[in-house]
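I opened the structure to take a few notes.

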Amino acid sequence: MFNLVIGQYVPADSYIHRLDPRSKLISVFLFVIIVFLANNWVTNALMVLFCFLGIALSRLNVSFIYRGLRSVFIIVLITFLLNLFLSSGGTVLFSWGFLRVTSAGLLQSIFIAIRILVIIVVTTLLTLTTSPIEITDGMESLLNPLKKIKVPVHEFALMMSISLRFIPTLLEETEKIIKAQSARGSDFTSGSLKSRVKAIVPLLVPLFVGAFKRAEDLAMAMEARGYHGDFGRTKLHQLKWDWRDTLLLAAVLLLAVLLILARY
Amino acid sequence: MKTVKMLAVNALLAAIYIVLTFFLQPISFSAVQFRISEMLNHMIVFNKKYFWGIICGVFLGNLFFSPMLPYDLIFGTGQSVLALLTTMIVSKFITNIWARMLVNTGVFTLTMCFIAWELAIVLKLPFLWTWLTVAIGECVVMLIGMPIMYAINRRAKLDKLI
C-alpha cells in the first residue's frame with residue numbers, strides 16, 4: 001500500500017551526482033531567479049537547452065524526468081489556459097463569446113508553460129541526483145551564517161535528518177493503525193463528512209502517542225551517547241567543494257549573462 | 001531548542017506532518033491547496049515549543065512533494081513562520097484553546113496571500129482569485145482540524161508532552 005520512496009533519489013555515478021549538494025542547491029536557487037529573465041523565443045530556447053544539458057550530464061533515464069513532469073501536467077494546463085484567456089494585447093486571434101485569445105496572450109501563456117516546465121525539470125534533477133540527507137547537510141552548511149542571528153541551524157538540520165529517518169517507520173505504523181482500527185469496525189472511506197472527521201481521531205491519537213514515545217526513547221538514547229549539541233561535533237559525511245562545483249556555478253552565471261544579452 | 005527531548009519530539013512531529021501530507025498528496029499542491037497536514041498548525045496553540053517541528057514539517061513537505069520546490073521552500077515556509085509567530089503572540093492574551101485555534105485559522109487563511117503572491121509572480125495567475133482559492137482550502141482544513149486536534153490533545157496531552 002505504501003510504496004513511498006522518500007524523495008525521488010536515484011543513485012548513480014554521473015557528473016551531476018558527484019557534485020557537492022551546496023553547489024547544486026545554489027545553482028537551483030539561482031536558476032529559479034534567472035528564469036524570470038526569459039522573455040522571448042531565444043531566451044526560452046536557451047533555458048530549454050540548459051535543461052537538456054543537465055539531463056544529459058545526469059545520465060538519468062528520461063522516464064524519471066517524465067514522471068516528475070506528468071504529475072504537474074494539470075497545473076501547467078490550468079496556468080496555460082488562465083493566462084491564455086486573461087491576458088490581453090496584440091491582435092485578436094480568436095474570440096468566442098466573452099473569451100478572447102490574443103497574439104500577446106498566446107505568446108505569454110506559451111512562455112509561462114515553458115517556465116514551469118524548466119523549473120520542474122531543474123528541481124527534479126536536483127532531487128533525483130541528491131539524497132535527502134545530502135540536501136540536509138548542504139542546507140545546514142549554507143545556512144550556517146544564520147547562526148549569528150541565533151537561528152538554531154544545526155538543531156534544525158538534525159531535526160530534519162531524524163525526521164527523514166522516522167518517516168518510513170511512521171508510515172508503517174500508520175498502516176498498522178488503519179488495519180487495527182478497521183478490524184474494530186472503523187470506516188475511513190464512507191459516511192458523512194462529520195463521521196469521517198470523527199474516524200480520523202482514533203487514527204491520529206495512537207499515531208501521536210506512538211511517535212512521541214519513540215521521541216522520548218530517542219532523546220534518552222542520544223543523551224546516553226553523549227549528544228551535546230553543535231559544539232565540537234564531527235560529521236560522517238564531509239562536504240567537499242571542487243572544480244566541478246565551480247564549473248557548475250560558472251555555467252549558471254554564463255546562462256544568466258546570455259539571457260540578459262538575448263533579452264532585447 | 002533547549003533539550004534533546006524537545007528536538008526529538010519536534011523531529012517526530014515533522015515526520016507525522018510528512019506522513020499526513022503523503023496521504024492526500026495528489027490534491028495537496030496546486031492553486032486549490034487542500035493539505036490535511038495543515039491542521040497540525042494548531043499544535044502551536046497547545047504549546048509554543050512545537051514551533052520548530054511544524055516549520056520542519058512544512059519545509060520537508062515542500063522538499064518532497066512540491067513541484068514548485070524552490071519557491072514553496074521560501075514562500076511556504078516563510079508564511080508558516082509568520083503565521084505561527086503571530087498566533088504565538090496573540091496566544092499570550094487569549095487563554096481559551098478554541099479561541100486560539102480560531103485565531104490561528106484566521107491568521108493562516110489571511111497569510112495565504114503569500115502563496116497567492118508566489119503563484120502570481122511565477123505563474124502569472126490573477127492574485128485575488130488565487131488568494132481566494134488557496135485560502136478556502138486552508139480555511140476548510142484548519143476548521144475541520146479544530147475539533148480533531150482538540151480531541152487528540154484531550155487524549156494524548158499534547159500540551160504537557162514537552
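**Entry 1: A:Asn44**

I am working on a predicted model. Is A:Asn44 buried or exposed? I read a relative accessibility of 2%; the cut-off for buried is under 20%, so A:Asn44 counts as buried. I then listed what A:Asn44 touches, leaving out residues up to four places away in sequence: A:Ala38, A:Asn39, A:Phe111 and A:Ile114.

**Entry 2: α4(B) with α6(B)**

I turned to chain B. Helix α4 (residues 69-91) packs with helix α6 (residues 113-123) at an angle of about 160°. I noted their axes as 9 Å apart. Angles over 145 degrees count as roughly antiparallel, so I logged α4(B) and α6(B) that way. Their crossing is right-handed.

Which residues make the contact? From α4(B) I listed B:Tyr71, B:Asp72, B:Phe75, B:Gly76, B:Gln79 and B:Leu82. From α6(B) I listed B:Phe114, B:Ile115, B:Trp117, B:Glu118, B:Ile121 and B:Val122. I sorted the contact by class and got eight nonpolar, two polar and two charged residues.

**Entry 3: the UniProt record**

I checked the unreviewed UniProt entry for "transmembrane region" in chain B. The entry lists residues 6-29, 50-67, 73-94, 101-123 and 129-152.

- Residues 73-94 of chain B are 86% helix and 0% strand, with end C-alpha atoms 31 Å apart.
- Residues 129-152 of chain B are 100% helix and 0% strand, with end C-alpha atoms 34 Å apart.

Definitions and conventions. Residues numbered from 1 in each chain as written. Chains lettered and ligands numbered in written order. Predicted model: local features only at pLDDT ≥ 70, side-chain atom pairs only at ≥ 80, totals over all residues. Heavy atoms only, no water. Axes fitted to C-alpha atoms, helices over the stretch in contact; angles between N-to-C directions. Helix = DSSP H or I, 4+ residues; strand = E, 2+ residues; numbered from the N terminus. Parallel < 35°, antiparallel > 145°, perpendicular 65-115°, else oblique. Left-handed = near helix turned anticlockwise from the far one by under 90°. Contact = heavy atoms within 4.5 Å. Nonpolar A, V, L, I, M, F, W, Y, C, P; charged D, E, K, R; others polar. UniProt positions renumbered as here; feature names shortened; annotations may be inferred. Buried < 20%, exposed > 50% of the residue type's maximum accessible area, 1.4 Å probe, protein only.
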